[in-house]
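Opening my notebook on this one. I'll jot things down in the order I looked them up.

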Amino acid sequence: VAKSITLVEGYKTEYNVGEELDVNGLTVNYSNEYGEVTQVAVTADMVSGFDTSKEGECTVTVTYEGISCTFTVTVVKGEETSSTTSTTSPSALNVT
């Protein structure tokens, strides 16, 4: 069985321009070579590609144990976000 990670729903998907990454609620399910699944809390050092310097969509990569998956966040201009969280099924995420 190949190792893999998948994001667990409940992470923040909308940020204001200039806002810092919020890893609260950002977790992955890590499946090892034996098929055992462990839920791992994502830390900021596991994340790359996060950029809120301009409006638009931003592809964020999470890497754990050398395996990566990506998700998209939307960056909006303004003071308030709608506290949007993910509802994407893990099968819809890109895993590399």
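I started with Tyr15, and it is buried, at 1% relative accessibility. My cut-offs here are: buried under 20% relative accessible area, exposed over 50%, partly exposed in between, with a 1.4 Å probe and protein chains only. The model is predicted, so I note that local features need pLDDT of at least 70 and side-chain atom pairs count only at pLDDT 80 or more, while totals for chains, interfaces and linings use all residues. Residues are numbered from 1 along each chain as its sequence is written, and side-chain values use heavy atoms, with hydrogens and water left out.

**Rings**

What lies over the face of Tyr15? I found Lys12 there, at 4.7 Å from the ring centre. For a charge to sit over a ring I ask for NZ of Lys or CZ of Arg within 6 Å of the ring centre and within 35 degrees of the ring normal.

Next I went through the aromatic pairs. Rings of Phe, Tyr and Trp (its six-membered ring) pair if their centres lie within 6.5 Å; planes under 30 degrees apart count as stacked, over 60 as edge-to-face and the rest as tilted. By this rule I get three aromatic pairs. In one of them, Tyr15 and Phe50 have ring centres 4.9 Å apart and planes at 75°, so I log the pair as edge-to-face. Tyr15 sits in strand S2 (residues 14–16) and Phe50 in the loop between strand S5 (47–48) and S6, so the pair ties together parts that are 35 residues apart in sequence. Strands and helices are DSSP runs numbered from the N terminus: E for strands, at least two residues, and H or I for helices, at least four. Phe50 itself is partly exposed, with a relative accessible area of 21%.

Tyr30 and Tyr64 also form an edge-to-face pair, 5.2 Å centre to centre and with 80° between the planes. This pair links distant parts of the chain too: Tyr30 is in strand S3, Tyr64 is in strand S6, and they are 34 residues apart. Tyr30 is buried, at 11% relative accessible area, whereas Tyr64 counts as partly exposed at 22%.

**Whole chain**

Of the contacts with a separation of 6 or more, 52% are between residues 24 or more positions apart; contact means heavy atoms within 4.5 Å.

**The S1-S3-S4 sheet**

Which strands make up the open sheet, and in what order? I read three, in the order S1-S3-S4, with antiparallel pairing. S1 and S4 stand at the edges with a single partner strand each, so one side of each is left without a neighbour in the sheet. The twist averages 30° from one strand to the next, with axes as lines fitted to C-alpha atoms (for helices, over the stretch in contact) and angles from 0 to 180 degrees between N-to-C directions.

I count strands as paired if DSSP finds at least two bridges between them. S1 (residues 4–8) and S3 are joined by five bridges, and S3 and S4 (residues 37–41) also pair over five bridges. Leu7 has Val28 as its bridge partner in S3.

S3 and S4 form a hairpin with five residues between them, and Gly35 in the turn has a positive phi of about 85°. S3 (residues 27–31) is mostly covered, with four of its five residues buried.

**Core**

A nonpolar core is a set of buried Ala, Val, Leu, Ile, Met, Phe, Trp, Tyr and Cys residues joined through side-chain atoms within 4.5 Å. The largest one here has 19 residues, and those with the most contacts inside it include Leu7, Val28 and Phe71. S1, S3, S6 (56–64) and S7 (67–76) each supply at least two residues, with the largest share, five residues, coming from S7.

Leaving out residues up to four places away in sequence, I list among the contacts of Val28 Leu7, Val40 and Val62.

Is Val60 buried or exposed? Buried, with a relative accessible area of 0%. Val60 is in S6, and its C-alpha lies 5.4 Å from that of Thr70, ten residues away in sequence. Beyond four places in sequence, Val60 touches Phe50 and Phe71, among others.

Last entry: Glu65, in the loop between S6 and S7, has a positive phi near 55° although it is a residue other than glycine.
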